[in-house]
Amino acid sequence: MTVGIRIRGAAGNVQIDDTTPVFIVAEQGKITPAHFVSSGFGMFRGRHVVTFTNVVRTQAPPLIFLRFVSSYVAMITLSAIGSPGNWTGFQLGAGEWTELNNQVLPKGIYCDWFTSTKTPGPSGAKVGIRIRNRLTGEVVFDSGFKLVKFIQQNGDFKSEGRRTHWVLRYSVGYPSPDAYFLANNLSCIINFYGSRQIQYMTPSVEPGYPGKLLLYTWAYSKEDVPYQTNLWTVLFATPGL
């Protein structure tokens, strides 16, 4: 950039640049047991369904950040609802570990959440600051939106042993009590062995590990071998004021 606007933070990192849209808080809310819908079977027999107040019009699904409020939560699945240009909500499968087969029993939980997208356009605010890309006219910053404050990217997961032979436990410390973690990339099937051996990744919080985000890797059957690695990265952030 030879002409334009660039704003740096106290540490010298670029906060706002007139060539790149910033990440804004699209919506914020709370999950309660009232959002829980029973369906399916086994560990997929229920999920929390959240409907956005306003449809997200981006092509890519919104980033979904979570902060578990319940003291004991294991997340099974997370997926956006809708299609490119028409994201209407998301669904979260979560519950508690059971001693029976060491699987997750879906149940209602309490959880804070917010979603984020790149600046979608003008906010509609009558007073404030709006910065456009000088070449395309695209709105890259609008003070009518709250910005996402990215706190830390951390890949330093520590091994915390095993829950059972086929359930491995890792942990990473929260940078602050009010931090949320990016959930889109931390709940999924991570591998298949043959036709039936499914490997899962499950973010969790538990009373015995205060201030830590746990990440379990586990196999669907006790005869299978869980995925043994700790090479993940978690992104922590907070919604702007």
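β2 (14–17) and β13 (148–154) each supply at least two residues of the lining of the largest pocket. The model is predicted: local features need pLDDT of at least 70, side-chain atom pairs count only at pLDDT 80 or more, and totals for chains, interfaces and linings use all residues. Residues are numbered from 1 along each chain as its sequence is written, and side-chain values use heavy atoms, with hydrogens and water left out.

Student: Which strand gives the largest share of the lining of the largest pocket?
Tutor: A pocket is an open set of points on a 1 Å grid over the protein atoms alone, where a 1.4 Å probe fits, with protein on both sides within 12 Å along at least five of seven lines; lining residues have an atom within 4 Å of a point. Here 16 residues line the largest pocket, and Gln15, Leu147, Val148, Lys149 and Phe150 lie nearest its centre. The largest share is 4 residues, and these come from β2.

Student: What volume does the largest pocket have?
Tutor: Grid points are joined across faces, edges and corners, and the volume is the space filled by probe spheres set on the points. For the largest pocket this gives about 460 Å³.

Student: How many helices and how many strands does the protein have?
Tutor: Both are DSSP runs, numbered from the N terminus: helices are H or I with at least four residues, strands are E with at least two. The protein comes to 0 helices and 20 strands.

Student: Is Val139 buried or exposed?
Tutor: Buried means under 20% relative accessible area, exposed over 50%, partly exposed in between (1.4 Å probe, protein chains only). Val139 lies in strand β12 (residues 139–142). Its relative accessible area is 5%, so Val139 is buried.

Student: What distance separates the C-alpha atoms of Val139 and Pro21?
Tutor: Contact means heavy atoms within 4.5 Å. Leaving aside neighbours within four places in sequence, Val139 is in contact with Thr119, Gly121, Pro122, Arg130, Ile131 and Arg132. Val139 and Pro21 are 118 residues apart along the chain, yet their C-alpha atoms are separated by 7.1 Å.

Student: Why does the pair of Phe65 and Phe114 count as stacked?
Tutor: Rings of Phe, Tyr and Trp (its six-membered ring) pair if their centres lie within 6.5 Å; planes under 30 degrees apart count as stacked, over 60 as edge-to-face and the rest as tilted. A search of the whole structure finds 9 aromatic pairs. The rings of Phe65 and Phe114 have centres 4.7 Å apart and planes at 10°, so this pair is stacked.

Student: How many residues apart are Phe65 and Phe114?
Tutor: Both residues are buried. Phe65 is in strand β6 (residues 63–68) and Phe114 in strand β10 (residues 111–118). The pair links distant parts of the chain, 49 residues apart.

Student: Which residues do ring pairs link into a cluster?
Tutor: Phe65 and Phe114 are both members.
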